[in-house]
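User: I'd like to learn how to read a few features of a model. Can you walk me through some?

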Amino acid sequence: MKSFGRIDMLWNNAGYQGQIKPTLEYDPKDFAMSVAKRMAATAEKGKDDDEGSSSHSFSIVNTASVAGLRGTPAMIAYSSSKAAVLAMTVSSSKDLAPYGIRVNAVSPALIGPGFMWTRQNELHAASGSPYFDSDSDKVASAKVN
């Protein structure tokens with residue numbers, strides 16, 4: 001704020017992926033930590049940057065995920081917390097609209113090639129989920145085809 005004087009756009013990109021395991025094997029403590037980290041960071045950042053800034057309009061953009069829209073096998077905490085980001089976005093957009101603050105979300109999907117694509121396919125292959133082959137190359141191929 002000291003350098004620029006005001007906020008014009010805030011991007012919330014908080015996250016913790018959590019474990020990649022089928023739902024029945026997922027550690028409830030990791031689930032709680034994953035959801036709590038994402039939700040608290042998103043809500044707190046929006047609150048902190050909103051205070052005293054309502055004299056002009058600005059935008060808040062939250063990073064959700066396609067996983068929050070459709071769910072992803074072996075990623076219950078990640079998918080759930082990204083769905084919660086979408087719900088927070090809708091609720092806060094209604095609460096903040098009278099102050100000229102726009103709140104939106106983007107929901108990117110995993111794309112490749114690259115480190116994250118390769119790593120995600122390795123983790124899915126190792127998850128033991130019946131939705132994923134144990135060979136990461138076959139997992140990648142199934143996602144593309």
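Analyst: Let's start with a helix pair. H4 and H5 cross in a right-handed way. Keep in mind that this is a predicted model.

User: Which residues of H4 and H5 make the contact?

Analyst: From H4 come Trp117, Gln120, Asn121, Glu122, His124 and Ala125, while H5 brings in Ser136, Val139, Ala140, Lys143 and Val144. Sorted by class, that contact of H4 with H5 has five nonpolar, four polar and two charged residues.

User: At what angle do helix H4 and helix H5 pack?

Analyst: Helix H4 (residues 115-126) packs against helix H5 (residues 136-144) at about 110°, and their axes are 8 Å apart. Angles of 65 to 115 degrees count as roughly perpendicular, so H4 and H5 are roughly perpendicular to each other.

User: Now a single residue. Is Ser81 buried or exposed?

Analyst: Buried means under 20% relative accessible area. Ser81 has a value of 0%, so it is buried. Ser81 sits in helix H3 (residues 76-96), and its side chain reaches the backbone oxygen of Tyr78 at 3.1 Å. Leaving out residues up to four places away in sequence, Ser81 touches Ser34, Val35, Arg38 and Met39.

User: And how far apart are Asp8 and His56 in sequence and in space?

Analyst: Asp8 and His56 are 48 residues apart in sequence, yet 8.4 Å apart in space, C-alpha to C-alpha. Asp8 lies in the segment before strand S1 (9-12). With residues up to four places away in sequence not counted, Asp8 touches His56, Phe58 and Ser59. Asp8 is partly exposed, at a relative accessible area of 43%.

Technical notes:
Residues numbered from 1 in each chain as written. Predicted model: local features only at pLDDT ≥ 70, side-chain atom pairs only at ≥ 80, totals over all residues. Heavy atoms only, no water. Helix = DSSP H or I, 4+ residues; strand = E, 2+ residues; numbered from the N terminus. Buried < 20%, exposed > 50% of the residue type's maximum accessible area, 1.4 Å probe, protein only. Polar contact = N/O pair within 3.5 Å; in protein donor to acceptor, adjacent residues only side chain to side chain. Contact = heavy atoms within 4.5 Å. Axes fitted to C-alpha atoms, helices over the stretch in contact; angles between N-to-C directions. Parallel < 35°, antiparallel > 145°, perpendicular 65-115°, else oblique. Left-handed = near helix turned anticlockwise from the far one by under 90°. Nonpolar A, V, L, I, M, F, W, Y, C, P; charged D, E, K, R; others polar.
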